[in-house]
Amino acid sequence: MLWKIRQPGGPPHALQLGQPLICPLNSKEWVSCDTVRLRFDLPSAEHVLGLPVPGHLMAVDNAMIYRPYSPTTIDAHTAGHFDLLVRHYPRGEISSKLARLAPGDRMHFRGPVASRFEYRRGVARRLGLVAAGTGIAPMWQARASSRSHTARSLSRMLYRIRILPWTLS
């Protein structure tokens, strides 16, 4: 089985290039009137997604319409599941499908898809991040990676939403 493939010395990667990944929704939490946090289970408690930081995967529906999403969890800290923070757009085909999912429903994903940018832990002692709207997810990945136990960096993230600005320290 392709999903049992392990990277040398690491956990198995759930995402395999060119192969579909079907994940059941474990839990769903509305964090605002139009934004939902979704937790999807991976094939086993040992699996990680297998994404670079920052990286994203494609959510795909039955009509083969797809959209990229950046998980807010990273492989270094999370195994067995991944989280997506999804803003629901009323006319958005994929965001609407994701927002309607109930625990136990399955979603089709593809990837991994690397970013044009690469974050390398330990390169800088201080990290400043500025994000707006849906741009927070890749920044969240970089920030989480900068705070790993092997490469501590001081990081600050300024995030702007439509209603209130807030800062994560």
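Student: In which strand is Pro112 found?

Tutor: This is a predicted model, and in it Pro112 is found in strand β6, residues 106-114.

Student: What is the form of the peptide bond from Gly111 to Pro112, cis or trans?

Tutor: Start with the general idea: most peptide bonds are trans. The bond from Gly111 to Pro112 is cis, and its omega is near 0°.

Student: Where does Met64 lie, and is Met64 buried or exposed?

Tutor: Met64 lies in the loop between β3 (55-60) and β4 (66-69). Exposed means over 50% relative accessible area. Met64 has a relative accessibility of 51%, so Met64 counts as exposed.

Student: How do I read a buried residue? Take Leu38: in which strand does Leu38 lie?

Tutor: Leu38 lies in strand β2, residues 35-41. Buried means under 20% relative accessible area. The relative accessible area of Leu38 is 0%, so Leu38 is buried.

Student: Which residues is Leu38 in contact with, leaving aside its neighbours within four places in sequence?

Tutor: With those neighbours left aside, the contacts of Leu38 include Leu25, Lys28, Phe82, Val86 and Leu98. Take Lys28 as a case of sequence against space: Leu38 and Lys28 are ten residues apart in sequence, and their C-alpha atoms are 4.7 Å apart.

Student: How many aromatic pairs does the structure hold?

Tutor: The structure holds three aromatic pairs. To read one, look at the angle between the ring planes: under 30 degrees counts as stacked, over 60 as edge-to-face. Phe40 and Phe82 have ring planes at 20° and centres 5.4 Å apart, so this pair is stacked. Phe40 lies in strand β2 and Phe82 in strand β5 (residues 81-87), so the pair ties together parts that are 42 residues apart in sequence.

Student: Are Phe40 and Phe82 buried or exposed?

Tutor: Both Phe40 and Phe82 are buried.

Student: What kind of aromatic pair do Phe40 and Phe109 form, stacked or edge-to-face?

Tutor: Phe40 and Phe109 form an edge-to-face pair, with 80° between the planes and 5.1 Å from centre to centre. Phe109 lies in strand β6 and Phe40 in strand β2, so this pair ties together parts that are 69 residues apart in sequence. Phe109 has 0% relative accessibility and therefore counts as buried.

Student: Which residues do ring pairs link into a cluster?

Tutor: The cluster linked by ring pairs holds Phe40, Phe82 and Phe109.

Technical notes:
Residues numbered from 1 in each chain as written. Predicted model: local features only at pLDDT ≥ 70, side-chain atom pairs only at ≥ 80, totals over all residues. Heavy atoms only, no water. Helix = DSSP H or I, 4+ residues; strand = E, 2+ residues; numbered from the N terminus. Buried < 20%, exposed > 50% of the residue type's maximum accessible area, 1.4 Å probe, protein only. Contact = heavy atoms within 4.5 Å. Phe/Tyr/Trp six-rings, centres within 6.5 Å; stacked < 30°, edge-to-face > 60°.
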